[in-house]
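Please examine the structure shown below together with its sequence.

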Amino acid sequence: MIYGEKEKMIVYLKTINGIKVQCTDTENKLLQLNNDISIHKILDRNLEEMKHVILNNQLLYPKLFYTEYFHILKNDHKDLFKEHGLRHDITIMSGNLAGIEFMKTYGHYHDLLNSKRNTAPEVIEILYGQALILLQKPKMVSSKYALGQSLESMCDFSHIEEFTYFKLNKGDVFVIPPGYGHILINQKPGALIFSSLISSRAKSLYKSIFDFRGGAYYIIKKNAKQVFVQNPNYKNVPKVKKQRKWAYSNLVDKKDPIYLSFVNDPKRYHWLNDPDSINWENFA
Ligand SMILES: [Fe+2]
């Protein structure tokens with residue numbers, strides 16, 4: 001065990017995630033990994049990179065926004081994840097503000113999965129803290145699907161047709177359906193920790209978010225409230241729509257953490273690799 005001056009702030013992910021990891025809520029680091037846990041890659045998202053997508057690109061702090069732990073799983077489950085073609089990631093994001101803007105992820109879209117008409121869906125679970133998830137849907141300019149085509153050649157990313165958001169609390173599990181770009185926001189002073197379950201073949205697309213300097217809206221703190229500030233780099237941005245219910249939640253198990261839920265019933269998540277098997281329109 002690693003304890004120290006930050007003892008009180010230690011967050012145990014073990015009981016809610018099914019794998020034995022822990023961290024503090026003041027640093028983006030997993031403090032201890034048991035020998036039976038493996039991680040494929042660790043990526044720090046720092047200010048130099050985030051400067052391209054935040055409102056104030058002159059900021060000097062914070063230096064580090066968040067850290068992603070890709071493909072984190074118990075060694076015992078390696079074969080299971082491989083067999084079902086899925087990846088489990090954990091992201092730890094610092095709290096507080098980046099200037100007047102809330103801390104956030106870079107944001108991305110997912111590309112079409114090989115041989116599928118839909119882009120890769122994703123399941124997000126909040127392990128610690130509270131998040132806003134922002135979703136934006138770009139205009140499709142080509143409905144013709146061709147094998148091997150990228151979403152980037154099918155959309156006008158400057159034209160957003162739908163922009164919506166949801167508030168997620170600890171324990172909430174959220175399905176990001178195909179076609180939506182997404183950004184997670186941390187509005188709290190403490191850390192936000194979330195995990196994600198997604199096809200191991202999913203490819204994230206960052207270019208349009210980079211080109212337009214962020215998502216369609218920036219979320220700032222003004223007079224102790226959240227305010228949506230439209231990003232002027234987009235040609236067309238609709239009003240912000242707040243949806244209270246998100247019908248896709250029927251696709252996931254609500255009683256167990258997603259990691260455990262997948263391990264206990266992997267076939268339940270077949271749609272993450274076969275999004276064409278779901279009639280997404282019926283859910284909307
Ligand atoms: Fe994603």
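**From one bridge to the whole fold**

Tyr66 has Met93, in strand 8, as its bridge partner. Strands, like helices, are DSSP runs numbered from the N terminus, with at least two residues (E) for a strand and at least four (H or I) for a helix. The model under discussion is predicted: local features are reported only at pLDDT of at least 70 and side-chain atom pairs only at pLDDT 80 or more, while totals for chains, interfaces and linings use all residues. Residues are numbered from 1 along each chain as its sequence is written.

Strand 6 (residues 64-70) and strand 8 pair in the antiparallel sense over four bridges. Two strands are said to pair if DSSP finds at least two bridges between them. In general, strands of a sheet pair through backbone hydrogen bonds, in either a parallel or an antiparallel arrangement.

Which strands form the open sheet, and in what order? Six strands form it in the order 5-6-8-17-12-15, with antiparallel pairing. Its edges are strand 5 (41-46) and strand 15 (173-176), each of which pairs on one side only. Neighbouring strands of this sheet are turned against each other by 20 degrees on average, direction ignored; the axes behind such angles are lines fitted to C-alpha atoms, for helices over the stretch in contact, and angles run from 0 to 180 degrees between N-to-C directions.

Strand 8 (residues 86-93) pairs with strand 17 (residues 192-199) in the antiparallel sense over eight bridges. Within this pairing, Ile90 has Ser195 of strand 17 as its bridge partner, and Thr91 has Phe194. Strand 12 and strand 17 pair in the antiparallel sense over six bridges. Strand 12 is joined to strand 15 by four bridges, again antiparallel, and the bridge partner of Ile124 in strand 15 is Phe174.

How much of these strands is covered? Seven of the eight residues of strand 8 are buried, and in strand 12 (residues 122-128) seven of seven are buried. A residue is buried if 20 or more other C-beta atoms lie within 10 Å of its own, exposed if 12 or fewer do, and partly exposed in between, with C-beta atoms placed from the backbone. Of the 284 residues of the protein, 38% count as buried.

The interior may be considered next. A nonpolar core is a set of buried Ala, Val, Leu, Ile, Met, Phe, Trp, Tyr and Cys residues joined through C-beta atoms within 7 Å. The largest such core has 64 residues, of which Ala131, Ile133, Ile193, Phe194 and Leu197 touch the most other members. The largest share of this core, six residues, comes from strand 14 (residues 155-169). Leaving aside neighbours within four places in sequence, Leu197 is in contact with Leu86, His88, Val123, Ile258, Phe262, Tyr269 and Leu272; two residues are in contact if their C-beta atoms, placed from the backbone, lie within 7 Å.

Met140 counts as partly exposed because 13 other C-beta atoms lie within 10 Å. Beyond four places in sequence, Met140 is in contact with Met154 and Cys155.

Some backbone details deserve attention. A cis peptide bond, with omega of about -5 degrees, joins Tyr61 and Pro62. Pro62 is placed in the loop between helix 2 (47-50) and strand 6. His71, although not a glycine, has a positive phi of about 55 degrees, and His71 is found in the loop between strand 6 and strand 7 (73-74).

Finally, the whole protein has six helices and 21 strands. Among contacts between residues at least 6 apart in sequence, 73% join residues at least 24 apart. The average pLDDT, the predictor's confidence in each residue on a scale from 0 to 100, is 87, and 85% of the residues score at least 70. Over residues 1-8 the pLDDT is below 50, and this stretch has five contacts in the model beyond near neighbours in sequence.
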